[in-house]
Amino acid sequence: MPVIRIVHRTFLPPAEAWLRLTDWERHGAQVPLTRTVIGTAVPTRVGTIFTARTGVGRITIDDPMEVVVWQPPTAAGAPGLVRLEKRGRVVTGWAEIGIRADPAGGSEVHWHESLRVRPLPRLLDPLVTAAGRVLFTRALRRLLSP
């Protein structure tokens, strides 16, 4: 599976960047034709399940995910890391969002995602990677904007 890597710097402190980037419902609002359905009670923790549902009407693709690592950044300066496993029949893979304090101020965010869309042939992996990079970069910027 291809891996998408995005590094983004923000003036937000790590704790605020973490809150924004782990607000799963806001993720859906950043992706066209997508909404997020939370399947477990808040707050987020290991075992939290949610689904990004993309489509129009009855034509949808579900991307169910489970939080398998949940380590918020600490006030003492330890970085934060969340890892999601994609558990769908169509979309599989994983995503990791890491946040650490930037020595220049604010935070540095590392978004890594590996995804496979099962009906598509591997020949289209470069196209999926390019589209994913554009989509996830856009979502990341919007989630971190004021």
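The largest cavity holds about 40 Å³ of space. The model is predicted, so that local features need pLDDT of at least 70 and side-chain atom pairs count only at pLDDT 80 or more, while totals for chains, interfaces and linings use all residues. Residues are numbered from 1 along each chain as its sequence is written, and side-chain values use heavy atoms, with hydrogens and water left out.

## Exercise 1: the cavity

Find which residues line the largest cavity, and state which elements supply them.

Solution. Begin with the terms: on a 1 Å grid over the protein atoms alone, a cavity is a set of points where a 1.4 Å probe fits but cannot get out, a pocket is an open set with protein on both sides within 12 Å along at least five of seven lines, and lining residues have an atom within 4 Å of a point. Grid points are joined across faces, edges and corners, and a volume is the space filled by probe spheres set on the points. A search of the whole structure finds one cavity of 30 Å³ or more. Its lining consists of Pro2, Leu115, Arg116, Val117, Leu120, Pro121, Leu124, Asp125 and Val128. Next, assign elements, where helices (H or I, at least four residues) and strands (E, at least two) are DSSP runs numbered from the N terminus. Strand S7 (107-117) and helix H3 (125-144) each supply at least two residues of this lining, and S7 gives the most, with three residues. Finally, sort by class, counting Ala, Val, Leu, Ile, Met, Phe, Trp, Tyr, Cys and Pro as nonpolar, Asp, Glu, Lys and Arg as charged, and the others, Gly among them, as polar. The lining of the largest cavity then has seven nonpolar, no polar and two charged residues.

## Exercise 2: strand S7 and Ser114

Determine with which strands S7 pairs, and whether Ser114 is buried or exposed.

Solution. Two strands pair if DSSP finds at least two bridges between them. Strand S1 (residues 3-10) pairs with S7 in the antiparallel sense over eight bridges, and within this pairing Ile4 has Glu113 of S7 as its bridge partner. Strand S6 (residues 91-101) is also antiparallel to S7, over eleven bridges, with Leu115 of S7 as the bridge partner of Gly93. In the hairpin of S6 and S7 there are five residues between the strands, and Gly105 takes a positive phi near 110 degrees.

Turn now to burial, where buried means under 20% relative accessible area, exposed over 50%, and partly exposed in between (1.4 Å probe, protein chains only). Nine of the eleven residues of S7 are buried, so the strand is largely enclosed by the rest of the structure. Ser114 lies in S7 and is buried, with a relative accessible area of 2%. Taking contact as heavy atoms within 4.5 Å, and leaving aside neighbours within four places in sequence, Ser114 is in contact with Met1, Pro2, Val3, Lys86, Thr92, Gly93 and Trp94.

## Exercise 3: an aromatic pair

Explain why the pair of Trp24 and Phe50 ties together parts that are apart in sequence.

Solution. Rings of Phe, Tyr and Trp (its six-membered ring) pair if their centres lie within 6.5 Å, and planes under 30 degrees apart count as stacked, over 60 as edge-to-face and the rest as tilted. The structure holds three aromatic pairs. One of them joins Trp24 and Phe50, which are stacked at 4.6 Å centre to centre with 15 degrees between the planes. Trp24 lies in helix H2 (residues 24-30) and Phe50 in strand S3 (residues 49-56), so the pair ties together parts that are 26 residues apart in sequence. Both Trp24 and Phe50 are buried.
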